[in-house]
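Student: Before I rely on any label attached to a structure, I would like to see the value behind it set against the rule that defines it. Could we work through this one in that way?

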Amino acid sequence: FDQALAVSSQFTITSAGLSELGPSLILPSGERRDSGRYEELTRNALRVSTTIRFDDGSTVVDSAASHDLDLLARYLRMLQVRGDHLVHIAFSEGSGDPAADEQSSRQLGEIVATELRRRLVAPGDVVALGAQRPLVEDDTPVGRGINRRVETWIRP
């Protein structure tokens, strides 16, 4: 069972196009948009499918985020991923002030790290990228909430 649950086995399952319910590994596409900080952080890494989201303007871990954190922690413990192989990349909505955006995303990333520690997972590094790489426009509360997120990556 240990071999079946290892990162290398999960990689094989995912690359074969199979998946399971709950968190899984996402194989990055071969195409890179640019050579920025995000690409440096994720080069040769695998993304965990669970993304932790925060409502517009909120730092509260609501019931959905708490459930996602439970699933993420369980998955990382199952894979026995050490903290020095994890990076949590945090994003915020765009406020027009890059320094404030970076601070906001850092706060979200640190909340995720704290919550993972509470769930007995060594959280690894937190990197705050502010409003970089928005998923949707920031002109509605829903859009801002979608962009306020923390992604988890497993590095080699």
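Student: Which residues touch the most other members of the largest nonpolar core?

Tutor: This is a predicted model, and in it the largest nonpolar core has 22 residues, of which Ile52, Leu76 and Ile154 touch the most other members. The elements that give two or more residues to this core are β2, α3 (63-79), β3, α4 (98-118) and β5, and α3 gives the most, with seven residues. Leucine 76, neighbours within four places in sequence left aside, is in contact with Val48, Val81, Leu86, Val121, Thr152 and Ile154. Another core lies apart from the largest one; it has nine residues, including Ile89, Val127, Leu129 and Trp153.

Student: What makes strand β5 largely enclosed by the rest of the structure?

Tutor: Six of the six residues of β5 (residues 149-154) are buried, so the strand is largely enclosed. Arg149, Glu151 and Trp153 point one way, while Val150, Thr152 and Ile154 point the other way, and all of them are buried. In a regular strand, side chains alternate between the two faces of the sheet. As for its partners, β5 pairs in the antiparallel sense with strand β2 (residues 46-53) over five bridges and, also in the antiparallel sense, with strand β3 (residues 86-91) over six bridges. Isoleucine 154 is the bridge partner of leucine 46, and arginine 149 that of phenylalanine 91.

Student: Why is arginine 149 called buried?

Tutor: The relative accessible area of arginine 149 is 2%, and the label buried applies under 20%, so arginine 149 counts as buried. Its surroundings can be listed as well: residues up to four places away in sequence not counted, arginine 149 touches, among others, Thr51, Ile52, Phe91, Leu108 and Pro134.

Student: How do you know that the side chain of arginine 149 makes a polar contact with the backbone oxygen of arginine 133?

Tutor: The side chain of arginine 149 reaches that backbone oxygen at 2.7 Å, and a polar contact requires a pair of N or O atoms within 3.5 Å, one able to donate a hydrogen and the other to accept it.

Student: Why do tyrosine 38 and tryptophan 153 count as buried?

Tutor: Tyrosine 38 has a relative accessibility of 10% and tryptophan 153 a relative accessible area of 5%; the cut-off is under 20%, so the label buried holds for tyrosine 38 and for tryptophan 153.

Key:
Residues are numbered from 1 along each chain as its sequence is written. This is a predicted model: local features need pLDDT of at least 70, side-chain atom pairs count only at pLDDT 80 or more; totals for chains, interfaces and linings use all residues. Side-chain values use heavy atoms; hydrogens and water are left out. Buried means under 20% relative accessible area, exposed over 50%, partly exposed in between (1.4 Å probe, protein chains only). Helices (H or I, at least four residues) and strands (E, at least two) are DSSP runs, numbered from the N terminus. Two strands pair if DSSP finds at least two bridges between them. Contact means heavy atoms within 4.5 Å. A nonpolar core is a set of buried Ala, Val, Leu, Ile, Met, Phe, Trp, Tyr and Cys residues joined through side-chain atoms within 4.5 Å.
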